[in-house]
Amino acid sequence: MSIENKEFKPKIVAFCCNWCSYAGADLAGSSRLTYPADVKIIRVPCSCRVNPMFILRAFEKGADGVIMCGCHPGDCHYSTGNYYARRRMTLLFSMLDYIGVENGRTRVEWVSAAEGVKFSDTMNSFVEKIYSLGENVRLGDLRCKR
Amino acid sequence: MFKIAKENLSALFQLIAEKQELYLPVKAAGQTNFAAWDKDAQVDLDTLKTVKSAKDAFFPQSENLYNVTKKEKKMHIEPGALKEQDFVVFGMRACDVKGVEVLDRVFLADPIDSFYAARREHGTIVAMACHEPEETCFCKVFGIDAAQPASDVAAWMIGEDLYWKALTEKGEALTEAVKELLTDADEAPVEEEKEAVHAIVEKLPYMNLSLEGWNGDALKEKFDSPVWEELYKPCLACGTCTFVCPTCQCYDIKDYTAGESVFRYRCWDSCMYSDFTMMAHGNNRNSQMQRFRQRFMHKLVYYPANNDGMYSCVGCGRCVEKCPSALNIVKVVKAFQDQGGEK
Amino acid sequence: MSSNKQAEQIKEISGVNPLKCMKCGKCSASCPSYNEMDIKPHQFVSYVVNEDIESLVNSKSLWKCLSCFACVERCPRDVKPGKLIDAARQMVVRQREQDYLSPNEIPELLDPDLPQQLLVSAFRRYRR
Amino acid sequence: MQEIINRAKELLADGTVARVLGWKAGDLPYNPEPAYFENAEALSDFVYNGFCGANLSKYMIEASKLEGKTLVFLKPCDTYSFNQLIKEHRVDREKAYIIGVGCKGKLDIEKIKKAGIKGIESIEGAEISDAAETLKIQTIYGEKEMAYADAMLERCHVCKGKEHQVYDELIGESKETKDAELFAEVERIEAMSPEEKFAFFQNELSKCIRCNACRNACPACNCRKCVFDSTKFDSAQKANVDTFEEKMFHIIRAFHVAGRCTDCGECSRVCPQGIPLHLFNRKFIKDIDELYGEYQAGEDTESKAPLTNFTFDDAEPSIVGKRG
Amino acid sequence: MQRLGVFVCHCGSNIAATVDVAKVAEMALMEPGVVHAEDYQYMCSEAGQAKIAEAIKEKNLTGIVVCSCSPRMHEATFRKAAERAGLNPYMVEIANIREHCSWIHKDMEEATKKAVILMRAAVAKVNLNTPLQPGESRVTKRALVIGGGIAGIQTALDIADAGYEVDIVEKTPSIGGRMSQLDKTFPTLDCSACILTPKMVEASAHEKINIYTYSEVEKVSGFVGDFTVDIRKKARHVDMDKCTGCGVCQEKCPSKKAPSEFNRGLNKRSAIYTPFAQAIPNVPVIDCDNCIKFKTGKCGICAKVCQAGAIDYEQQDEIVTQKYGAIVVATGFDTINLEKYDEYAYSQSPDVITSLELERVMNAAGPTHGHLERLSDGKAPKEIVFIQCVGSRCSDDRGKPYCSKICCMYTAKHAMLIRDKYPDVNVTVFYIDVRTPGKNFDEFYRRAVEQYGVNYIKGQVGKVILQPNGKLLVQGADLLDNRQILKEADMVVLATAIEPNPDVRKIATMLTASIDTNNFLTEAHAKLRPVESPTAGIFLSGVCQGPKDIPETVAQAGAAAVKAIGLLAKDKLLTNPCTAKSDELLCNGCSTCANVCPYGAITYEDKEVNDHGIREVRRLAVVNNALCQGCGACTVACPSGAMDLQGFSNRQIIAEVDAICR
């Protein structure tokens with residue numbers, strides 16, 4: 001990945017469900033599949049635990065991109081959690097798009113515990129996207145930008 | 001007495017803005033509010049009442065008091081800056097000017113609020129007389145003359161000219177600074193305008209509102225009145241009335257954590273809110289009736305009791321216009337009148 | 001028009017997703033004109049998938065289908081081969097532009113030996 | 001209106017209801033307020049006209065706690081809110097005696113004032129029984145006229161229809177007022193570039209004074225304590241120190257009522273700054289309709305709300321980028 | 001204020017080679033609440049754990065953060081270590097600086113920076129942790145099996161053999177289920193009754209098994225370990241204790257017009273009946289709808305002929321309430337209704353039958369006493385056509401989208417048996433695909449073709465026409481020869497799709513067990529937990545979970561039994577303390593949370609609250625900790641933030657977000 005703008009170091013928050021995606025991230029780690037250090041993972045029990053407020057909060061505090069990963073639809077450890085999460089995130093992302101936030105700043109990806117490669121690929125492409133979008137100026141609280 | 005042609009006003013604004021900050025009514029997204037002037041601003045001097053009063057110029061809705069920054073294990077405290085730059089508020093109305101006087105009695109009394117005091121010191125008010133008062137206006141009830149604002153500079157928009165008269169030293173200074181754009185003027189048109197406005201004011205529906213019985217002595221009687229129980233019911237507990245009010249002065253102090261810094265700021269609060277004056281044990285006004293009563297008791301009883309009978313309402317009528325449930329101070333006063341009649 | 005476009009057009013006109021076919025052959029088993037056809041109903045789908053619309057359009061089957069819709073009714077996978085062939089026919093008709101019959105002209109052309117079903121299906125097919 | 005008052009008196013007299021929730025005439029021609037009437041005498045102040053825009057369903061949350069039944073007057077659109085509140089167990093159907101009142105569109109005093117009409121002394125033509133198409137407005141500055149339709153609230157131009165969804169009896173005729181497409185405004189914004197969208201909302205939201213009128217008037221926003229007031233969530237906000245906070249507030253508010261909002265339009269009606277807040281809610285309604293099938297909150301009291309429901313083949317969030 | 005300790009693990013060189021661990025420990029000391037920080041070679045080693053324990057004791061730590069490998073690896077280890085040192089185990093947080101940091105980054109400076117941020121997030125979180133205690137709930141050592149087919153019987157036997165009480169609830173008058181209706185079983189062709197009946201007897205004789213036949217589950221409440229179930233014992237009108245099973249009543253019963261359920265309606269039975277000769281219990285029931293006594297009040301012959309005096313016309317339904325620790329669903333299947341497949345002439349000709357009906361025809365105890373004959377005229381058929389996938393693999397609303405799985409094999413079985421017994425009969429099978437995965441299955445099918453000369457045609461049948469001569473004209477396609485076939489047949493057998501027993505929906509609702517769009521019960525995990533329902537304490541046995549044959553059913557029945565035994569073997573259940581919790585003062589009682597709870601863990605109660613002096617009764621959400629699995633769906637559904645998840649609270653996650661974005 002070529003990153004031209006060396007100055008800009010994005011802050012990227014990744015919410016990963018404990019059962020699939022967090023394990024997928026672990027597998028990416030144990031397989032030594034690299035992705036940029038800009039990504040920081042927060043472990044949640046299920047993608048349905050991710051409140052839209054968490055995502056907005058991350059942007060408020062200066063995140064440049066937020067990605068949520070969960071089990072593939074149908075594979076949720078709690079059977080149905082990711083189905084609810086899918087609707088919630090679809091609506092939230094649509095709203096962010098509607099108020100003029102670049103829609104590449106948010107993403108949902110389903111990553112199973114076996115998909116270490118997919119996890120690192122996803123993170124690489126997401127980080128690349130955030131680099132191309134540049135700093136998030138439309139959603140942050142100015143007091144957090146210094 | 002000076003005057004300036006309406007078409008030269010933007011030149012006047014430009015001139016003022018060169019040396020000072022200038023706040024005046026600006027229309028944005030369909031609403032007129034006080035805002036900083038710039039070349040592209042859509043200045044709106046025709047709208048009688050801005051949605052929010054000009055209170056922000058002296059007592060902004062939120063204001064940073066100090067920052068705390070953590071460096072390793074040490075804290076650094078950096079106080080918020082006091083206003084140092086002179087500024088002009090142009091286009092306030094007589095009622096809002098009186099509103100500033102109400103605020104002065106709160107913030108300039110001991111202990112003096114240094115943030116407010118600095119703003120008052122640096123601010124010059126150019127107020128405009130009302131040309132066409134509206135049905136929601138009742139400033140006269142509080143002894144305010146809509147046609148003669150008691151500001152640093154009073155101004156009248158008559159036909160195609162703005163008449164200008166300095167009333168204070170600050171006003172004189174500002175007049176001096178913009179003299180190049182002003183021309184001498186005759187007072188006669190102004191007197192005529194005043195008379196016309198006075199005539200209209202007499203016709204307004206709320207002109208005869210009587211505040212008899214509203215004073216510090218009436219505290220217990222008013223406080224215990226059963227009228228409140230009926231009055232408050234439509235109240236939705238929003239803060240619209242307090243936030244559009246030129247005299248409401250309550251604020252909350254809050255912290256905002258931004259990375260390694262904490263910002264301590266104050267922001268307007270509303271006595272309508274359930275967490276107003278919330279304390280560790282809970283709230284000493286835990287019903288909406290009590291909160292509702294607080295607002296009007298403060299304006300019409302507590303404040304006059306502490307301020308030589310001066311009410312903390314200026315009759316601007318913003319609450320009359322903006323309350324989602326069509327409640328307002330006039331209805332409160334009238335309800336007590338009706339109650340009195342029945343007795 | 002490219003064969004790819006043609007295939008897309010057929011899918012669009014018919015509203016059929018040929019990939020749903022599981023090759024059970026119930027359409028061919030149901031078809032009253034089966035023996036008259038060179039391309040059999042269960043094969044229609046493959047022609048569309050393989051984007052060989054030329055062959056389909058030039059086949060005898062195109063004009064042998066009675067539009068009885070037995071295959072449409074019975075298809076377990078909602079693939080509706082009858083709709084595909086109907087769509088191919090429509091494509092041909094459209095290419096010939098606006099020279100199809102108006103209902104007023106039909107009575108004169110009627111042959112007493114024509115099967116009733118053909119008439120009904122013709123109306124079904126060309127109704128606007 | 002007399003018919004309504006008479007019926008209210010009857011129901012009070014025969015003990016069917018303990019009180020009446022309606023509107024009381026204001027001291028200006030256009031400011032009637034929601035009010036309770038406990039006896040026949042008090043009903044002399046009752047009024048129902050074009051300015052009775054308030055959605056009384058929300059008041060029924062409190063009224064449901066009172067002893068005895070409350071007679072409440074609901075407009076067709078208010079009944080959707082009432083149904084939604086039943087679904088969420090926030091009102092007690094048994095405690096309400098609902099008279100569905102006719103509606104010929106509600107008036108927006110802001111629109112009248114925006115038309116330059118000031119010093120209003122009286123308004124003719126706002127009566128509900130009035131068939132008049134024009135408002136005759138007497139002002140200190142002379143007599144003015146305004147077409148009824150021009151003075152109507154935005155929500156009435158995209159009216160859901162004049163059918164009451166829940167009621168015990170109906171009084172009064174309604175008149176169809178829908179003359180605009182429900183999603184036209186939303187579509188207009190959707191068609192903008194991200195920069196234009198951002199500028200549009202930034203401009204509108206920067207007016208927000210966080211007075212919470214939209215929230216407090218909203219029948220769907222009926223939380224005992226809002227997350228934005230609660231210390232539990234670390235999300236309490238009181239003032240808009242930074243422009244982000246307005247966005248956070250309005251997005252989350254809209255999200256919390258997504259699938260529950262009946263599009264009653266109270267938020268936009270009460271906003272002192274005239275922010276078109278319904279554009280947030282309506283965006284969610286449009287998305288829900290498009291992605292999960294048409295859904296009208298408050299049409300019934302049983303159906304699963306879109307956000308507490310799912311299908312196995314729902315759209316992926318990436319559809320947002322793909323729709324363009 | 002917490003007193004926190006931060007422990008940074010080198011993991012040999014796994015972490016230390018890329019992350020400056022000492023720097024992470026040094027930076028940790030700058031964080032609020034941190035009073036102790038150190039780094040060590042292997043934190044998970046005994047020596048490392050001892051360091052943690054020592055620091056906890058010496059510095060009175062109230063919480064710790066271990067910066068190490070993934071919590072999925074060693075969270076449990078460090079929690080136990082903390083617990084041994086007297087710290088609540090839920091006051092431990094892990095910062096994953098190995099899998100999520102050192103292993104994927106090469107630049108030391110960058111990796112160290114990231115490790116510091118991950119450490120900060122964990123510290124920010126643990127600052128808000130509260131000690132959690134796992135709850136306990138008791139386990140009633142008794143299992144309920146719903147359904148008395150082979151799945152239910154096998155599950156019950158396995159549980160009972162482990163020493164636990166088991167109740168079987170069976171809707172029909174006898175246990176045995178579908179398997180009792182079968183003639184022979186594939187791929188061994190042994191007699192179904194011969195292998196099933198001994199199991200039925202064993203179950204009925206087992207001292208730990210109690211069988212409720214002619215009974216239905218009426219109501220279920222409670223949760224894992226502690227279910228309370230109401231069972232409706234329908235009135236049999238025959239005293240179970242007195243009846244000797246002599247059968248005279250059935251013989252003498254004058255009403256013999258009711259279609260026999262057991263024989264799929266192919267013949268009639270008496271109004272007082274046992275479904276089949278080997279029924280267990282061998283006690284008849286009176287079918288009131290067809291009984292003359294119940295319809296007219298006159299008759300009473302059965303009572304007169306019963307020497308045991310077992311007939312009791314006054315008997316009423318009885319409700320038995322019983323407590324269970326585990327519930328196994330084994331409700332089985334039925335064939336679909338063929339109303340919508342008129343092209344196969346099923347409703348027009350008695351000679352078009354389903355495969356299950358053929359089982360009865362072939363069975364010695366069946367309507368034709370085992371003779372293969374046409375039901376219309378009793379003549380021996382010469383030409384038989386089998387049609388596969390009738391209603392299976394259909395994406396329209398007439399049939400089912402899934403493969404019924406068993407049809408290919410039983411059709412091969414039928415074809416083979418017919419060819420074996422009646423070599424002069426031609427057998428043709430129309431198929432789409434022949435699916436025979438399973439031990440000896442394909443060999444079995446090949447035998448039908450190669451040894452028995454069954455004619456398999458790839459293609460489907462479009463129409464079956466009943467001809468005036470009583471024969472059936474089958475119009476099909478041969479896709480390999482690319483020709484249309486018209487074949488005259490004497491009998492047509494439809495491999496009808498199977499579907500879950502229609503009652504399962506009702507039962508699933510009672511159990512709050514989830515069900516898929518085809519009415520099959522959903523398993524907790526498609527691969528890893530195939531015999532458990534997502535609802536704790538509910539297990540799945542047999543076809544109620546998905547189509548399967550007998551050996552698979554028996555295997556799954558055993559697996560379900562083991563899962564149930566595993567539960568019953570516990571005296572108490574420790575519940576995961578990371579469950580949802582509702583703040584009573586914030587709860588609106590709106591039910592939104594309950595609507596998204598996959599476990600039915602949220603109920604509502606009217607409770608009095610004291611909200612800062614306002615006392616009132618409110619409808620409030622109550623979370624059952626035994627049922628809640630801690631997914632958090634409710635917390636996001638709750639608009640007021642009343643519902644929160646312990647261990648992953650709103651404030652904790654927000655603190656992590658803040659720390660990362662700092």
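Me: Before we start, what counts as a helix here?
Reply: Helices are DSSP runs of H or I with at least four residues, numbered from the N terminus. Please keep in mind that this is a predicted model.

Me: Which helix holds D:K283?
Reply: D:K283 lies in helix α11 of chain D, which covers residues 278-292.

Me: Is D:K283 buried or exposed?
Reply: D:K283 counts as buried because its relative accessibility is 3%, and buried means under 20%.

Me: What is D:K283 in contact with, leaving aside neighbours within four places in sequence?
Reply: In chain A, D:K283 is in contact with A:S94, A:M95 and A:Y98. In chain D, the contacts are D:V186, D:E190 and D:R323.

Me: New topic: how many disulfides are there over all chains?
Reply: The count comes to one. It joins E:C191 to E:C194, with an S to S distance of 2.5 Å.

Me: What is the handedness of the link of E:C191 and E:C194?
Reply: The link is right-handed, with 90° about the S-S bond. As for E:C191, this residue counts as partly exposed, because its relative accessibility is 24%.

Me: Are B:C139 and B:C313 buried or exposed?
Reply: B:C139 counts as buried at 8% relative accessibility, and B:C313 counts as buried at 10%.

Note on methods: Residues are numbered from 1 along each chain as its sequence is written. Chains are lettered from A and ligands numbered from 1 in the order in which they are written. This is a predicted model: local features need pLDDT of at least 70, side-chain atom pairs count only at pLDDT 80 or more; totals for chains, interfaces and linings use all residues. Side-chain values use heavy atoms; hydrogens and water are left out. Helices (H or I, at least four residues) and strands (E, at least two) are DSSP runs, numbered from the N terminus. Buried means under 20% relative accessible area, exposed over 50%, partly exposed in between (1.4 Å probe, protein chains only). Contact means heavy atoms within 4.5 Å. A disulfide is a pair of cysteine sulfur atoms within 2.5 Å.
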